[in-house]
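Look at the sequence and the model together.

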Amino acid sequence: MTLAGMRFFSVYQGFGGAEEHKGEFANTVAPFADAIANGGRLAVFGGGIQIRDFTHVDDASAGV
């Protein structure tokens, strides 16, 4: 039997969803997209040098 274990970080699903209980920093992608679409400013903390890879929940659940 061949197995692979994966541990995803920074999985996002878009607006709302089941992450509301985590507070304002639970989801970065949706607030950034909303701010860009509405001509708003992006709030970047810590100097903006952090690097993250984001995985959509559909890709994570498909095992991609």
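At 22% relative accessibility, Tyr12 counts as partly exposed, a class that lies between buried (under 20% relative accessible area) and exposed (over 50%), judged with a 1.4 Å probe and protein chains only. Tyr12 sits in strand β1. Val11 also has its place in strand β1, and at 27% relative accessibility Val11 counts as partly exposed too. Helices (H or I, at least four residues) and strands (E, at least two) are DSSP runs, numbered from the N terminus.

This is a predicted model: local features need pLDDT of at least 70, side-chain atom pairs count only at pLDDT 80 or more, and totals for chains, interfaces and linings use all residues. Residues are numbered from 1 along each chain as its sequence is written, and side-chain values use heavy atoms, with hydrogens and water left out.

Thr55 belongs to strand β2, which covers residues 55-56. Leaving aside residues up to four places away in sequence, Thr55 touches Phe8, Ser10, Val11, Tyr12 and Ala60; a contact means heavy atoms within 4.5 Å. Thr55 is buried, because its relative accessible area is 18%. Val11 can also be compared with Asp59: these two are 48 residues apart along the chain, and 9.1 Å separates their C-alpha atoms.

Now turn to helix α1, residues 29-37, where Ile36 is found. Ile36 counts as exposed because its relative accessibility is 58%. Together with Leu42 and Val44, Ile36 forms a nonpolar patch on the surface, with about 280 Å² of accessible area for the three together. Patches are made of residues with over 30% relative accessible area and no salt bridge; like charges are joined within 9 Å and nonpolar side chains (Val, Leu, Ile, Met, Phe, Trp, Tyr) within 5 Å. A salt bridge is a side-chain nitrogen of Lys or Arg within 4 Å of a carboxyl oxygen of Asp or Glu.

Next comes the whole protein. It has two helices and two strands, in the order β-α-β-α from the N terminus on. Of its 64 residues, 11% count as buried. The protein exposes about 5500 Å², of which carbon and sulfur atoms supply 55%; accessible areas come from the Shrake-Rupley method with a 1.4 Å probe, and for residues only the protein chains shown count as cover. Among contacts with a separation of 6 or more, 54% join residues 24 or more positions apart.

The last topic is confidence. The mean pLDDT (the predictor's confidence in each residue, from 0 to 100) is 76 for the protein, and 77% of the residues reach 70 or more.
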